Amino acid sequence: MMQSVAAAFRARPLARAFTSRSVDGFVGGIGSTPLIRLQKLSEQTGCDIVAKSELQNPGGSVKDRAALGVIRDAEERGLLKPGGTVVEGTAGNTGIGLAHVCRARGYRCVIFMPDTQSQEKIDLLRMLGAEVYPVPAVAYENPKNYNHQARDFAKDLPNAIWTDQFDNTANAEAHYRTTGPEIWEQTQGKVDAFICATGTGGTLAGTGRALKEKSNGKTQVWLADPPGSVLYSYISSGGKLTERSGSSITEGIGQGRITNNLGTFVKNIDGALHIPDEKTIAMLYDLLDTEGLYLGASSALNVVAAVELAKKLGPGKTIATILCDGAYRYQSRLFSKKWLQSKGLENAVPEHLKKYVVL
Ligand code: PMP
């Protein structure tokens, strides 16, 4: 008889947590991340709330998988040869993932980003060997937008690719081949629902498609959306695309259009939840306090969504989500009293957790 996910977790000897796998190089360390059962939230909901710890990828985020996916795909299709150049427009985790993989594979890495980004991000990318071009932060429609500049730079350069994370489906494919099957195996095929937020849509569509295929359509796939994104209203209204309005403190998620990575999979999404920043911040601090998890805001939003979905689906279910990255890249904001106040979120931190607001 198949044991429950909770029983499978309990049955693991503690020593298992300390066993290690041997891998080949940085790239070998990408993927096969642990699935963490969130204990307090599982007990509270009567469900198993399980979260894929993508912050444990060697570059520190879920985007390591996509970075390797798009580079491997270009290599296999003969578009990128030894000594080649990888170009992307990105301000965050994708650039960091690409810079790591490029170093490990011997490629030149060129990143275009809006000049509104923090100096820390520019410094980190440069420390990882990337060439960084901060360009004026203009709208997507403007040809000087950082994405178009990245595309144009690669177009004129021999043996260079523009990785185009939003519309290059090698991104979702990486999650279809790895993240989805890993969750299936780690839950022993007992995963009733998967929910996460989207930036490019690669994680949701790739993982969701794999889980739907493996479960013969039984695993529900839901989308979690921050303020300022149009996907919640798109899915809830049965496909009406509205203008973007509003904003969120979360980074790396929220979308104004149906990317190629979401593509036709969007029709298979079972539902969407809108998660306000107040709930995200409260969960961020709660997960630190109860589980010792130090997470970025998109991870906290995903966990809020998983808990809300558990309440909708009822006890006894297994709900999987993603811990996208750690708080290290955002700590000067997320743990700063001044910053929380500037966003009107100081009261979102529960009174007994205010001791963690140390900056
Ligand atoms: N969380 C963070 C912190 C991210 O950087 C990203 C990628 N933009 C996501 C979530 C969303 O992942 P995806 O692009 O696969 O939708």
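Reader: How many Å separate the centres of domain 1 and domain 2?

Author: In this predicted model, the two centres, taken over C-alpha atoms, are 25 Å apart. Domain 1 is built from residues 26-56 + 179-349, and domain 2 from 62-162, by the domain assignment.

Reader: How many residues of domain 1 are in contact with domain 2?

Author: Count residue contacts across the boundary, here C-beta atoms within 7 Å. Domain 1 brings 13 residues, and these meet ten residues of domain 2. Helix 2 (25-28) and helix 10 (202-214) each give at least two residues to the side of domain 1 that touches domain 2. That side has five nonpolar, five polar and three charged residues.

Reader: Where does the ligand lie?

Author: Look at which domains supply its shell. Both domain 1 and domain 2 give residues to the shell around the ligand, so the ligand lies between them. The ligand is surrounded by 18 residues, with Gly199, Thr203, Gly252, Ser298 and Cys324 the closest. By class, the shell has three nonpolar, twelve polar and three charged residues.

Reader: Which residues have the most contacts inside the largest nonpolar core?

Author: Ile49, Ile195 and Ala224 do, in a core of 63 residues. Helix 13 (residues 297-313) supplies the largest share of this core, ten residues. Another core, of 31 residues, lies apart from it; Ala74, Val86, Ile96 and Val101 are among its members.

Reader: What does Ile195 touch?

Author: Set aside residues up to four places away in sequence. Ile195 then touches Trp222, Ala224, Asn302, Ala305, Ala306, Leu309, Ile319 and Thr321.

Note on methods:
Residues numbered from 1 in each chain as written. Predicted model: local features only at pLDDT ≥ 70, side-chain atom pairs only at ≥ 80, totals over all residues. Domains from an automatic or database assignment. Contact = placed C-beta atoms within 7 Å. Helix = DSSP H or I, 4+ residues; strand = E, 2+ residues; numbered from the N terminus. Nonpolar A, V, L, I, M, F, W, Y, C, P; charged D, E, K, R; others polar. Near = placed C-beta within 6 Å. Core = buried A, V, L, I, M, F, W, Y, C linked by C-beta atoms within 7 Å. Buried ≥ 20, exposed ≤ 12 C-beta atoms within 10 Å, placed from the backbone.
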